[in-house]
Number of protein chains: 2
Amino acid sequence: MDRSTDHPALDLSLDAAELTARLVDFPSESGNEKDLADAVEHALRALDHLTVDRHGNNIVARTHLGRAERVVLAGHLDTVPIAGNVPSRLDDEGYLWGCGSCDMKSGVAVQLKVAATVPEPNRDLTFVFYDQEEVAAHLNGLGHVADAHPDWLAGDFAVLLESSDGEVEGGCQGTLRVLLHTTGERSHSARSWMGANAIHAAAPILEKLAAYQPRRAVIDGLEYREGLNAVRVEGGVANNVIPDACTVTVNFRYAPDRTPEEALAHVREVFADCPVDEFTVDDHSPGALPGLSHPAAKAFMDAVGGTARPKFGWTDVSRFSALGVPAVNYGPGNPLLAHKRDERVLAERIGHCEERLRAWLTS
Amino acid sequence: MDRSTDHPALDLSLDAAELTARLVDFPSESGNEKDLADAVEHALRALDHLTVDRHGNNIVARTHLGRAERVVLAGHLDTVPIAGNVPSRLDDEGYLWGCGSCDMKSGVAVQLKVAATVPEPNRDLTFVFYDQEEVAAHLNGLGHVADAHPDWLAGDFAVLLESSDGEVEGGCQGTLRVLLHTTGERSHSARSWMGANAIHAAAPILEKLAAYQPRRAVIDGLEYREGLNAVRVEGGVANNVIPDACTVTVNFRYAPDRTPEEALAHVREVFADCPVDEFTVDDHSPGALPGLSHPAAKAFMDAVGGTARPKFGWTDVSRFSALGVPAVNYGPGNPLLAHKRDERVLAERIGHCEERLRAWLTS
């Protein structure tokens, strides 16, 4: 099959909703973004006001107008697996249905429309299109670009076009996952006094979790809400054996005013007097400050309107934050519909989002 | 392959240790006892003083001498899977090695020797050889005989020739397994306040278990030791989801002075004030009283000597107890070697066990 005939070049003269529909019809499940990356690169190279760079299936296009500020507009090209929801369709109520319609081909369409239609922005622009956001963190294309070409991502402020229901979601909370292991000694359960029960040893860990009072933190006017939770517990050898090992997997979601080191120290302190034989950090992604006090962010808020909300979940804004670039989420989709079979986006919100960005970048 | 040529008829004139070696060399893993059951039936039918009945691969042979008491000598024919430990071998220190040497072909050899050499016992005798003891309870041949022909198992006292290191082990403890389920409500772990954590809800269950003080009970002079333990705990959906379900599997091993109903009521009471949404009885096998105050048991203790010990683990003596027949474990093997690759039995203990039984049955 000649895929190039399946997927004609992207026509950036379509309106944002039509372009979103074309993008939904262009399958790009994680790991299979090459064709779409090719099409995006091809479309961007046709625009004289942009220079285009490529690293793997990640495309970065930039203006070089010597403006006082540079802002980054970023979005991922991949989707979760298609679930019988491609090709796209538009219903009578104005919803565009299809895999990625919300997360986040509508956001990518907005990026492409701004790239094509704002040749002389009031701030220098960097457009980033990256792969493998929906899978393991180490595969994430934005992370690969950050490692290989951090200069491509330089900027004063970044907008990630992730679905946020058309509201600005500032920063993101950090997420730390630790494994708390308790140990004991096996014995037959008919002679339990000869063993030591590792599941019973986990009782104080669950007590700490059940009694934990999570903190709320106001940063740049946004209230973040932390949480410390067991997400898994696992112990047991056989129905007649006193278990010698138990593991509680704890997830700490923390406000971005804690550094990763502070977050880890806090969790260690919570369980300091529990009989934890091994404390393993299984995963750790720092939070991102909303950066709403930055002038570029203030101008952005004025242009897009509405009231900024805190972002509780972890997103790639954290990667920008780690590069010293304050970042927010702002996209047309409803995040609650992401990854669902009935994923959809209100078509007129896509154009609205494009207009608001254009207003900010041309005022 | 003609199995009948592989396995010659059992020669009951061999001494007990030699006969044990022949039985070890006659594979009879659970579910494959037919050939051995055939050989046992054949050997017993040659003995004029016994009537022989068969139900499946279970053989019951009885004297009918009109004695005042009847005692049952029972043993299972099956072994756990062979682990490179067949055929048998005798080492320089007098140990007979091989799968089943301890559990419990040495006991079966003792049964067969007594059957062959005590034609006029002072008590009527019932010999029971049964299949599938090492696997699921519903497959157990003794249970099948108890259901189909309870009269075949009638008696005043029973000796199960399970390995007990040559000491009398009285009765057995009961075992009850319950599943304690807690429930909650799922949410993304970044917005944990929107959910309810089922693992945290299990904290009081583990607290109860950790604080539980098990009872000791003296019955017929034997001290039983109870135990209430989590043997498994399981909860969790994904690393970023507040779990809506958690299950703690609890095993209560209880002294035989509690009825099954009392044992269950006790466990319900322990967790009465915990947030258990579902309490499921997963398995329940009652205990067995040692019955050492029975005259036949007293005479037995006098004949075999030593001091009776309590049996903590659950054994088939419980099936006799349920039929109203007090029962003890008494066999030549060391129970700690059962099911092991290096399973073995001290050969001279087999003949010793046979002699002690003969002394009891002929004095």
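1. What separates Glu41(A) and Arg45(A) in helix H3 (residues 34–45) of chain A? The two are four residues apart in that helix, so about one helical turn lies between them. Helices (H or I, at least four residues) and strands (E, at least two) are DSSP runs, numbered from the N terminus. The side chains of Glu41(A) and Arg45(A) meet in a salt bridge (2.9 Å, N to O), a term for a side-chain nitrogen of Lys or Arg within 4 Å of a carboxyl oxygen of Asp or Glu. Glu41(A) counts as buried at 15% relative accessibility, and Arg45(A) as partly exposed at 47%. Buried means under 20% relative accessible area, exposed over 50%, and partly exposed in between (1.4 Å probe, protein chains only).

2. A note on the basis: the model is predicted, local features need pLDDT of at least 70, side-chain atom pairs count only at pLDDT 80 or more, and totals for chains, interfaces and linings use all residues. Residues are numbered from 1 along each chain as its sequence is written, chains are lettered from A and ligands numbered from 1 in the order in which they are written, and side-chain values use heavy atoms, with hydrogens and water left out.

3. Over all chains the structure holds 39 salt bridges. One of them joins Asp273(A) and Lys208(A) (3.2 Å, N to O). This pair links distant parts of the chain, 65 residues apart: Asp273(A) lies in the loop between helix H8 (260–270) and S16 of chain A, and Lys208(A) in helix H7 (residues 203–211) of chain A. Asp273(A) counts as exposed at 60% relative accessibility, whereas Lys208(A) counts as partly exposed at 30%.

4. In chain B, the side chains of Asp38(B) and Lys34(B) meet in a salt bridge (2.8 Å, N to O). They are four residues apart in helix H3 (residues 34–45) of chain B, so about one helical turn separates them.

5. Strand S3 (residues 70–76) of chain A is largely enclosed by the rest of the structure, because seven of its seven residues are buried. Arg70(A), Val72(A), Ala74(A) and His76(A) are on one side, with Val71(A), Leu73(A) and Gly75(A) on the other. S3(A) pairs in the parallel sense with strand S6 (residues 124–130) of chain A over seven bridges, and with strand S7 (residues 157–160) of chain A over four; two strands pair if DSSP finds at least two bridges between them. Val71(A) has Leu125(A) as its bridge partner in S6(A), and Leu73(A) has Val159(A) in S7(A).
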